[in-house]
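Subject: Structure handover

Hello,

Here is the structure for you to take over. My notes on what turned up follow below it.

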Amino acid sequence: MTPRQKLQLEQSEKRQKINDLLGKDELTDDERNELDTLTKRMQQIEVEMRAAIVAEGDDETRARGMFDDADAEAGERGRLLREITLADYLSPAAAGGALQGRAAELNAALGVPAVGTRGGVAVPWAVLETRAFTTTAANDGPEAQRPILQRLFGPGILDTLGVRMDSVPAGRSEWPLLTAGVAPAQAKEGDAAAAAVAATFEYANLKPKRLTGTYEFTHEEAASVGEIEAALRRDLADAVKSKMSDVILNGAKATDAAPENIAGFLNAIAAPDDAAATATFADYAGAHAAGVDGIHAEIETEVSSVIGTDVYQHAATVYQAGSGESGSEALRRRSMSCRASSYIPAAANAGQSKGNVFHLAGPNGGGVMRGDSVAAMWPTLEVIRDIYTKASQGVVLTWVALWDAKVAFRAAAYQRVAFKIT
């Protein structure tokens with residue numbers, strides 16, 4: 001629990017005690033002394049709270065700098081990010097030496113340690129996020145190697161589903177959610193307020209869980225394929241994001257036998273009943289409005305969805321008589337957003353698709369502002385270059401990222417919807 005969270009809890013407890021004392025008709029001397037002490041402490045908490053907020057903001061800034069390049073497009077940091085290559089990190093790893101030159105400068109500028117916790121070279125996430133156009137100029141010579149064609153992955157769906165992604169320094173892994181509290185009521189003159197109600201909190205306790213993979217490339221590939229490490233950098237960044245999206249939807253629940261698991265939406269939210277009949281235009285047009293509850297969303301354009309590609313294809317073949325509008329057009333028009341995703345499982349037997357996730361996002365999207373789902377990423381993705389295990393064949397690259405997530409933290413903000421498509 002962070003210092004600010006501790007102060008917030010103490011503030012809530014003391015406010016409740018003050019309300020209890022003020023609700024009494026008469027106070028004893030001891031109670032007056034206690035009230036005076038509580039009042040002074042509340043004033044102290046305000047000062048400490050402001051200091052904690054400032055300190056926490058500094059922590060967040062440092063953590064974001066470790067893997068977020070949102071504010072690093074200008075100045076010295078931006079120059080280093082534009083010039084840096086993965087080779088600047090892999091070469092020292094291969095030689096067993098320390099980071100030098102612009103790699104060391106960038107890590108220092110981002111507040112990232114030069115060495116990871118397992119002794120490997122620590123690569124800031126911002127380096128993996130850096131994008132540059134590949135041109136044939138890098139391959140000029142007698143033999144013209146064309147630019148490397150990258151693998152394709154399904155686009156990320158975390159934003160669409162309101163998953164708040166926070167960067168966290170070591171030791172910060174708890175998100176409190178206020179789930180219940182006082183219900184105000186009208187009172188006539190002279191009547192005391194109702195008895196104080198204790199605030200109820202639910203906590204998302206996130207712990208580092210390892211997302212890892214290993215690349216191998218031969219000595220011959222390294223010598224013959226230009227820009228191989230730049231291609232691996234981009235492929236890695238895309239593969240990590242893709243796996244996160246897959247886990248956010250399909251991840252199994254953690255168990256004693258598999259504590260590394262992260263429960264995805266399809267395991268955190270109960271499956272709906274089978275759809276009674278094949279989906280019609282009306283089913284698609286009214287799908288987002290069916291989720292409006294007046295709390296998490298008050299109009300259908302505050303509801304977003306991620307649906308199966310087969311459902312989207314079926315919706316595109318269903319039309320409204322007269323207007324000619326298709327079901328897929330209605331899904332898009334009458335929602336905040338509707339996206340088909342390769343991460344949603346295909347419809348099962350009898351054409352039942354039950355993996356479609358609808359998010360009652362509200363006017364601000366339900367992510368950073370509300371935290372309907374929360375995820376944490378620890379500062380760096382670490383790369384360990386092993387030139388010994390398979391020294392006669394080539395190089396082994398091991399990648400390690402640490403993250404965790406709690407989906408459907410606000411369970412009422414999500415629904416799973418069934419469509420029958422055959």
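One cut-off first: a residue is buried under 20% relative accessible area, exposed over 50%, and partly exposed in between. Lys390 has a relative accessible area of 30%, so Lys390 is partly exposed. Please keep in mind that this is a predicted model.

Overall picture

The protein chain has 422 residues, and 42% of them count as buried. There are 12 helices and 12 strands. Of the contacts in the chain with a separation of 6 or more, 76% are between residues 24 or more positions apart. The accessible surface is about 22500 Å². Carbon and sulfur atoms account for 52% of that surface.

Salt bridges

There are 16 salt bridges in the structure. In one of them, the side chain of Lys390 meets that of Glu216, at 2.7 Å from N to O. This pair links distant parts of the chain, 174 residues apart. Lys390 sits in the loop between strands E10 (380-386) and E11 (394-406), while Glu216 belongs to strand E5 (residues 209-218). Glu216, at 49% relative accessibility, is also partly exposed.

Another bridge joins Lys243 and Asp246, at 3.4 Å from N to O. Both residues lie in helix H8 (residues 228-250). They are 3 residues apart, about one turn of the helix. Lys243 has a relative accessible area of 40%, and Asp246 has 23%. Both values fall between the cut-offs of 20% and 50%, so these two residues count as partly exposed.

Arg334 bridges to Glu300, with the closest N and O atoms 3.2 Å apart. Here 34 residues separate the partners. Arg334 is in the loop between helix H12 (327-333) and strand E7 (337-341). Glu300 is in the loop between helix H10 (281-285) and strand E6 (303-308). Arg334 is partly exposed at 27%, as is Glu300 at 22%.

One network stands apart as a topic. Glu10, Lys14, Arg41 and Glu48 are joined into it by salt bridges that share partners.

Aromatic pairs

The structure holds 3 aromatic pairs. Phe201 and Tyr203 are stacked, 6.3 Å centre to centre, with 25 degrees between the planes. Phe201 is partly exposed at 31%, and Tyr203 is partly exposed at 32%.

Phe265 and Tyr414 form a tilted pair, 4.8 Å centre to centre and 50 degrees between the planes. Phe265 lies in helix H9 (residues 265-268) and Tyr414 in strand E12 (residues 414-420), so this pair ties together parts 149 residues apart in sequence. Both Phe265 and Tyr414 are buried.

Best regards

Conventions:
Residues are numbered from 1 along each chain as its sequence is written. This is a predicted model: local features need pLDDT of at least 70, side-chain atom pairs count only at pLDDT 80 or more; totals for chains, interfaces and linings use all residues. Side-chain values use heavy atoms; hydrogens and water are left out. Rings of Phe, Tyr and Trp (its six-membered ring) pair if their centres lie within 6.5 Å; planes under 30 degrees apart count as stacked, over 60 as edge-to-face and the rest as tilted. Buried means under 20% relative accessible area, exposed over 50%, partly exposed in between (1.4 Å probe, protein chains only). Helices (H or I, at least four residues) and strands (E, at least two) are DSSP runs, numbered from the N terminus. Contact means heavy atoms within 4.5 Å. Accessible areas come from the Shrake-Rupley method with a 1.4 Å probe; for residues, only the protein chains shown count as cover. A salt bridge is a side-chain nitrogen of Lys or Arg within 4 Å of a carboxyl oxygen of Asp or Glu.
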